[in-house]
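Subject: The model, and what turned up in it

Hi there,

Here is the structure I promised to pass on. Please have a look at it first, and then read my notes below.

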Amino acid sequence: MVSLSINGMQVKVPEGTTILEAAKQLNFRIPTLCHHDDLCVAGNCRVCVVEQLGAKALVASCATPVTEGIQILTNSLKVRSARKHIIELLLSEHNADCTKCYKNGMCELQDLSNEFAVGDHIFIDLNTIKDYTVDRFSPSIQKDDSKCIRCQRCVRTCEQLQGVNALTVAFKGDQQRITTFEDLSMAEVICTNCGQCINRCPTGALVERTYLDEVWDAILDPTKHVVVQTAPAVRVGLGEELGLKPGKRVTGQMVSALKRLGFDSVLDTDFTADLTIMEEGTELLTRLKKALVDKDSDVALPMTTSCSPGWVKFIEHTFPEYLPNVSTCKSPQQMFGALTKTYYSRNRNLDPKDIVSVSIMPCTAKKYEANRPEMRSSGFKDVDYVLTTRELARMIKQAGVDFNRLKEDKYDSIMGVSSGAGVIFGATGGVMEAALRTAYEIVTGRPVPFEDLNITPVRGMDGVRQASVLFEDCKEEWSFLNGVELQCAVAHGLVNARKLMDGVKSGEINVHFIEVMACPGGCLGGGGQPIPTNEEIRKKRTEAIYAEDMSMEIRKSHENPEIIGIYKDFLGEPLGHKSHELLHTQYTKRVRY
Amino acid sequence: MSSNHVKRVDLIFEKIECKAVLEKIVDMEPDDICQELLDSDLKGRGGAGFPTGMKWRFTAQEKDPVKYIVCNADEGEPGTFKDREILDQVPGKVFCGMAIAGKAVGAKMGYVYLRGEYKFLIPKLNTELDKFHKTMDEFNQNFRIQIRLGSGAYICGEESALFESIEGKRGEPRNKPPYPTSFGLFGKPTAINNVETLVHTVMIMNYGADHFRELGTKDSRGSKVFSISGDTPKAGIFELELGMTVDQFVNDFGDGDTKAVQVGGASGFCVPRKKFAETIIGFEGMPTGGSMKLFNSSRSMYNVLHNYLDFFTEESCGQCTPCRVGCQQLLKGVEAVKRGEKNSKYLDELVKLAKTMKRASKCGLGQSVGNAFGSIVENFKEEIIY
């Protein structure tokens with residue numbers, strides 16, 4: 001233990017603790033900007049400088065470990081004057097036209113500027129001198145360098161959490177900025193649209209491409225029938241954006257709010273999550289049969305999931321040789337879209353051209369996915385607009401709906417009934433768990449041998465996890481699986497996905513089935529979820545997801561009556577002709593930069 | 001030699017038999033080498049003046065079996081060109097100094113980080129390096145040296161940015177602590193020294209610490225190679241005894257009309273005529289990496305300052321706020337005052353800002369921008385305003 005004093009108060013902390021953390025223990029908050037709990041220390045914004053008695057220069061508290069006996073002042077004259085200067089400097093370089101900014105009121109620089117009552121603007125405005133253009137080419141992410149404060153959180157996120165490196169620091173001095181390979185737009189580079197950079201950008205430099213106006217226009221157009229689907233992770237995140245604590249489940253209130261906003265039908269992506277399990281589970285078993293029984297050496301194993309569009313784009317860029325291994329299943333969002341303008345429209349006796357299909361996602365990559373040219377199998381754009389959890393909260397505020405007083409409501413039908421297996425798609429390991437619940441039962445006729453169906457080995461926050469399930473006493477048609485131990489691997493965060501795929505490539509990791517979620521923690525930590533995010537918040541949302549699963553009457557996808565119904569009335573059978581036409585897709589090799 | 005001459009020294013460029021020095025140190029105890037340097041009071045010649053023996057001892061005390069020696073030959077400080085001459089004239093002595101450092105700290109690998117513009121030296125250095133490696137073989141020493149070329153960024157002369165650059169990353173300074181002696185190149189304990197410092201260690205091991213201490217003052221022992229430029233009839237490279245006043249220096253090198261001397265390049269201080277007599281060139285007064293630039297009365301100090309600020313605005317790595325934005329503000333600020341867009345009181349705001357930059361910047365670059373700024377604005381305020 002190291003003892004030190006902060007503002008005259010003694011504290012003992014473990015060796016390696018930073019001054020910032022030590023101060024927190026004494027309930028002194030030191031302001032920060034470039035610091036983020038999920039990322040390595042940068043120490044570049046200098047907002048957190050403190051005075052160490054006897055030292056010539058001020059020290060960055062986020063980057064400096066404590067040493068025995070040091071005396072720290074967090075609010076001395078020197079500190080105050082430096083901190084105010086630094087905030088002023090950042091503002092002089094920043095496009096401070098706050099009322100025109102999408103992040104107005106949600107900006108860390110704005111908060112600091114308020115806190116330090118920086119109103120004088122003593123320095124010369126440098127922002128107008130520079131020639132900035134906003135990059136609006138990506139359907140998911142909008143990048144505005146005029147608002148960038150060069151904290152490099154986005155660069156560190158892209159490198160350390162995602163291993164994508166789409167964003168990088170370029171040039172030096174007054175020309176230094178955050179950019180992409182050859183200054184290309186975000187739409188043209190290796191960016192997976194995961195939006196993790198948005199979650200960590202302290203200002204409005206990186207925000208989602210918003211489609212709020214388009215959605216309002218559709219809702220308020222009486223000739224349109226507007227259908228909305230909500231992804232599993234939205235219900236455990238939305239509350240945070242509306243003033244509730246992390247980990248609060250708001251499913252019923254959310255449905256109620258969506259109805260008040262004027263959506264004609266409020267449905268659940270969890271339904272198509274269940275459908276994904278039917279299709280993907282069958283696809284896996286078919287591939288296994290081809291490999292084990294037909295001895296087909298061309299069959300691509302391990303098979304990977306395809307529901308995370310960030311992951312799909314990542315593998316298209318980074319491991320294109322593994323594209324045959326990716327399940328051909330569309331993501332639940334896109335399955336939902338295709339069915340909205342076929343199955344649903346027929347059932348409701350609507351002309352699909354009058355339907356506007358909206359999805360609420362914890363994700364920014366879904367915006368890109370909905371715009372993929374292959375996602376028009378209904379003959380129309382399957383999903384018209386994708387909104388993030390954050391955008392939904394904004395709609396609720398705009399409509400003046402008092403969210404926290406709303407009574408719970410139920411999803412409409414059809415395509416509104418789901419199982420607990422569908423809900424857990426929102427957490428890392430959830431697709432794997434849902435798939436195993438169904439596949440094991442299809443093969444053996446018995447539920448998975450885990451207490452309460454909770455397959456705990458695939459849960460958790462480790463970056464890469466492996467588990468196996470032994471098939472025994474299989475049904476006759478699956479007897480070839482008798483004694484086969486199904487090997488599974490789960491990764492979340494693309495940096496871990498890369499590790500996993502490198503392991504597969506080198507032969508170190510030898511499995512049958514891989515689940516990858518692009519975002520840390522899975523969809524609940526998605527790039528469209530409320531800001532801030534950190535491991536603690538993601539753990540709270542995870543607990544909420546599993547609690548939601550436990551609260552469901554139906555826990556297995558194949559027992560969802562609407563799933564049974566859609567196969568009976570419309571699809572026929574998993575991997576059948578209609579499924580292939582509407583629910584499956586193909587992938588494209590993409591550039592390496 | 002007339003009496004107004006500062007004492008010339010010929011140690012750095014003296015041609016000596018490096019082999020003999022190497023033969024001597026091969027059997028020495030590493031810590032005895034550090035002790036000899038500590039006895040000599042040799043301080044780093046790059047400008048910061050950290051005691052070399054202490055730096056080596058810290059590195060030697062680290063437990064890691066892999067350690068590195070790095071020779072900082074990035075020489076980017078405006079007005080400094082002495083390392084180029086040293087590498088051109090006596091490259092063998094530089095390598096010899098690295099071998100001594102390797103022996104002292106227990107490193108098997110050394111890197112010379114050569115300023116990109118000095119690429120023309122590479123054939124010569126490689127020839128000399130072959131000879132050096134053969135000598136090492138003769139003494140059964142497996143210390144090896146590689147040359148790495150910089151790409152023109154001033155910031156890569158900052159030791160931790162230099163490491164990042166060798167590692168193939170963007171040259172940006174790291175947070176300190178940890179210091180290079182424990183976490184340097186490739187995360188390993190590293191002794192990084194300026195070209196001239198390394199040559200001094202050779203001469204100290206050759207002639208002994210006492211010989212070195214005979215020159216200079218209590219706080220600034222030995223001699224130093226100066227790069228002398230500007231309004232002087234004797235521009236060039238001179239090895240001089242440390243401890244002279246600026247007055248003595250100007251009497252020797254000035255053109256009779258010297259109004260100011262910039263000691264230590266863009267990151268150093270401007271000494272006006274009225275302070276020539278009281279200012280000692282050395283660690284007790286104005287330390288310098290070697291650059292001495294003389295200005296006579298024909299020079300506009302506004303232009304001098306503008307030139308330095310322009311330089312820093314471009315050469316800041318850009319990562320930390322005080323340096324990146326501060327440099328731009330100082331530059332735009334003095335321009336605005338000159339044009340009359342801001343009144344002269346704005347200079348006081350800028351002086352305060354320069355203080356913040358000195359206190360709050362991440363590395364030596366940002367911390368030293370205020371040196372030139374403060375000293376020029378303080379002493380030549382009228383020239384800046386009018």
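A word on domains before anything else: their bounds come from an automatic or database domain assignment. This is a predicted model, in which local features need pLDDT of at least 70 and side-chain atom pairs count only at pLDDT 80 or more, while totals for chains, interfaces and linings use all residues. Residues are numbered from 1 along each chain as its sequence is written, and chains are lettered from A and ligands numbered from 1 in the order in which they are written.

Chain A

Chain A splits into domain 1 (2-75), domain 2 (91-208), domain 3 (213-271 + 333-405) and domain 4 (277-329 + 419-558 + 575-583). Between the C-alpha centres of domain 2 and domain 4 of chain A there are 35 Å. In their contact, 14 residues of domain 2 of chain A meet 16 residues of domain 4 of chain A (two residues are in contact if their C-beta atoms, placed from the backbone, lie within 7 Å). On the domain 2 side, α4 (153-161) and α5 (196-200) of chain A each supply at least two residues; helices are DSSP runs of H or I with at least four residues, numbered from the N terminus. The largest share of that side, three residues, comes from α5(A). By class, the domain 2 side has five nonpolar, eight polar and one charged residues. Here Ala, Val, Leu, Ile, Met, Phe, Trp, Tyr, Cys and Pro count as nonpolar, Asp, Glu, Lys and Arg as charged, and the others, Gly among them, as polar.

Chain B

Chain B has domain 1 (18-213), domain 2 (223-296) and domain 3 (302-385). The centres of domain 1 and domain 2 of chain B, taken over C-alpha atoms, are 26 Å apart. Their contact involves 14 residues of domain 1 of chain B and 17 residues of domain 2 of chain B. Helix α4 (residues 82-89) of chain B gives the most to the domain 1 side, with three residues. That side has three nonpolar, five polar and six charged residues.

Where the chains meet

The contact takes 30 residues from chain A and 29 residues from chain B. On the chain B side, α11 (301-315), α12 (321-339) and α13 (346-360) each supply at least two residues, and α12(B) gives the largest share, 10 residues. The side of chain B that touches chain A has nine nonpolar, 12 polar and eight charged residues.

Best wishes
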